[in-house]
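Trainee: I have just opened this one and have never looked at it before. Could you walk me through it?

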Amino acid sequence: MSDNSSDSDKTPGVLLAAIQHSGERRIDGLVAFIAGQLKRQGLRVGGVVQSNVEQAGKYRCDMRLEELTTGRVVSISQQLGPQSRGCRLNDMALEQIVALVEASLEDGLDILILNKFGRQEAEGKGLRTALAHAVAAGIPVLVGLNRAYAAEWREFCEGEGQLLAAEPAAVARWLDACLAVSGRALWQTIKLAPATR
């Protein structure tokens, strides 16, 4: 990977996948559903999922991340004025989430799920380092990927990752392939997730 990993640290592409989408919010629901199903099946699931909470009288929602091993929910939105065009991301809040995810990797995971490989990760920040550490450790990684950052994703993966359609069946097939060694049958559960287009 492009986070200064050596060739010996590379993980086979089957263990790294991104669900492609075009920026719609429904991808958050699909990623959260998959994470919840895997946790209910007893897997050690790390990473984050996002929810967007509408605020009465406000034009923009409150973006919240849930860290999956602790269940801690952190608002990552700055409260800017209604006319503001600046970035709403609260960098300090994101750093809290990054620290929690990094700690979960040290404790051992069966899979890492990240709601997105977005602008922060494309610029080498956010959860990019945690993602690279998981890949180097051989932990399967599933992320949401806005097509706007597809080029940066390909650069990060160095051709190793798989691109999945934002459909439950596609994700289920990938999960079955990369978690087959555990003997878990995931297809029947995951395929019931709502389709995302």
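This is a predicted model: local features need pLDDT of at least 70, side-chain atom pairs count only at pLDDT 80 or more; totals for chains, interfaces and linings use all residues.

Trainee: OK, how many helices and strands does the protein have?

Mentor: The secondary structure comes to seven helices and seven strands, and along the sequence they follow the pattern β-α-β-β-β-α-β-α-α-β-α-β-α-α.

Trainee: And how much of the protein counts as buried?

Mentor: Of the 197 residues, 45% count as buried, while the accessible surface comes to about 9700 Å², of which 49% belongs to carbon and sulfur atoms. If you take the contacts between residues at least 6 apart in sequence, 66% of them join residues at least 24 apart.

Trainee: Let's pick a strand. Is β6 mostly covered or uncovered?

Mentor: Strand β6, residues 141-146, is mostly covered, with six of its six residues buried. Val141, Val143 and Leu145 point one way from the strand, whereas Leu142, Gly144 and Asn146 point the other way, and all are buried.

Trainee: Which strands are joined to β6 by bridges?

Mentor: Strand β1, residues 16-21, is joined to β6 by six bridges and runs parallel to it, and strand β5, residues 111-117, is joined to β6 by four bridges, again in a parallel arrangement. To find these pairings on the screen, look for alanine 18, which stands opposite valine 143 in β6, and for leucine 112, whose bridge partner in β6 is valine 141.

Trainee: Switching to helices now, how do α2 and α4 sit relative to each other?

Mentor: The axes of α2 (residues 91-107) and α4 (residues 128-136) come within 9 Å and cross at roughly 10°. Angles under 35 degrees count as roughly parallel, so that is how α2 and α4 are described.

Trainee: Which residues meet there?

Mentor: From α2 there are Val101, Glu102 and Leu105, and they meet Thr129, Ala130, His133 and Ala134 in α4. By class, this contact has four nonpolar, two polar and one charged residues.

Trainee: Which residues of α4 are buried, and what covers them?

Mentor: The buried residues of α4 are Arg128, Ala130, Leu131, Ala132, Ala134 and Val135.

Trainee: What about the stretch just after α4?

Mentor: There you will find glycine 138, which takes a positive phi of about 80°.

Key. Residues are numbered from 1 along each chain as its sequence is written. Side-chain values use heavy atoms; hydrogens and water are left out. Axes are lines fitted to C-alpha atoms, for helices over the stretch in contact, and angles run from 0 to 180 degrees between N-to-C directions. Helices (H or I, at least four residues) and strands (E, at least two) are DSSP runs, numbered from the N terminus. Angles under 35 degrees count as roughly parallel, over 145 as roughly antiparallel, 65 to 115 as roughly perpendicular and the rest as oblique. Contact means heavy atoms within 4.5 Å. Ala, Val, Leu, Ile, Met, Phe, Trp, Tyr, Cys and Pro count as nonpolar, Asp, Glu, Lys and Arg as charged, and the others, Gly among them, as polar. Buried means under 20% relative accessible area, exposed over 50%, partly exposed in between (1.4 Å probe, protein chains only). Accessible areas come from the Shrake-Rupley method with a 1.4 Å probe; for residues, only the protein chains shown count as cover. Two strands pair if DSSP finds at least two bridges between them.
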